[in-house]
Amino acid sequence: KDTFAQRQRNHTHTTPMGEFRDRKIKSIYDAIENGQHNQAMRLCDKKEICDLDIVRALRSVALARQGYRGEALSLCREVMATQPKEEDVISALSTSLKSCNSYNDLLVLYQNYAKYHINDLTINKEIFNCAVILNNYLLAQQTALKLLNMEERYVESMKNNSL
């Protein structure tokens, strides 16, 4: 199972400042993973990193896990307004939105992300799941058909590669 702390893998920068940020962000993931949400909040408040989308998304996770769902949701919406394209930001936001039971916002998040990752099977499955939870059966049907087409293309490509 992919733990929340393992999702920080996308933070690899080669500059000294990038490595500094990576260490700070990794410590936030670790604090959240260990249930130290107050510590995670303090780490998110560091001046050098507090404006990064990933840090704000992680802050919303810590808020949601502490029971401050309104604040977490507000922060998620602020980050979503920037239309993030990074997988780690999407992952943190989805964790927070699921904790807040905000599936309408989660669907919007996934749909915006899917614009940039059209053939991503995982994101389309998440869109399908949200559509079902929200009783949006037309969207669920459309997404299911898209997933079926993606699967058929994958199987066809595997047949062609084996010949």
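Start at R56, which sits in helix α3, residues 53–65. This is a predicted model. Is R56 buried or exposed? Its relative accessible area is 18%. The cut-off for buried is under 20%, so R56 counts as buried.

Now show what surrounds R56. Leave out residues up to four places away in sequence. The residues that R56 then touches are C50, D51, L75, E78, V79 and T82.

**Next stop: H37**

Select residues 37–44. This is helix α2, and H37 lies in it. H37 has 14% relative accessibility, so this histidine also counts as buried. Which residues is H37 in contact with, once neighbours within four places in sequence are set aside? They are A31, I32, A62, R65 and Q66. Colour A62 and R65 along with helix α3: that helix covers residues 53–65, and both residues are among the contacts of H37.

**Zoom out to the whole chain**

Switch to a cartoon view. Walk along the sequence and the pattern reads α-α-α-α-α-α-α-α.

Of the 163 residues in the chain, 39% are buried. Take the contacts with a separation of 6 or more: 52% of them join residues 24 or more positions apart. The accessible surface is about 9500 Å², and carbon and sulfur atoms account for 50% of that.

**On to helix α8**

Select residues 137–162. Helix α8 has 26 residues. From first C-alpha to last, α8 reaches 37 Å, close to the 38 Å expected at 1.5 Å a residue.

Which residues of α8 are buried? Pick L139, A140, T143, L147 and M150. An α-helix has 3.6 residues a turn, so residues three or four places apart point the same way. Look at the spacing of the buried set, including L139, T143, L147 and M150.

Next, find the cover. Select 103–116 for α6 and 121–133 for α7. Both are included in what covers the buried residues of α8.

**Last stop: a nonpolar patch**

Stay with α8 and select V155, which is found in this helix. How accessible is V155? Its relative accessible area is 35%, so V155 is classed as partly exposed.

Together with V155, they make a nonpolar surface patch of about 280 Å². Show the surface over these three side chains to finish the tour.

Definitions and conventions. Residues numbered from 1 in each chain as written. Predicted model: local features only at pLDDT ≥ 70, side-chain atom pairs only at ≥ 80, totals over all residues. Heavy atoms only, no water. Helix = DSSP H or I, 4+ residues; strand = E, 2+ residues; numbered from the N terminus. Expected span 1.5 Å × (residues − 1). Buried < 20%, exposed > 50% of the residue type's maximum accessible area, 1.4 Å probe, protein only. Contact = heavy atoms within 4.5 Å. Patch = residues over 30% accessible without salt bridge, like charges linked within 9 Å, V, L, I, M, F, W, Y side chains within 5 Å. Areas by Shrake-Rupley, 256 points an atom, 1.4 Å probe, with all protein chains shown as cover. Salt bridge = Lys/Arg side-chain N within 4 Å of Asp/Glu carboxyl O.
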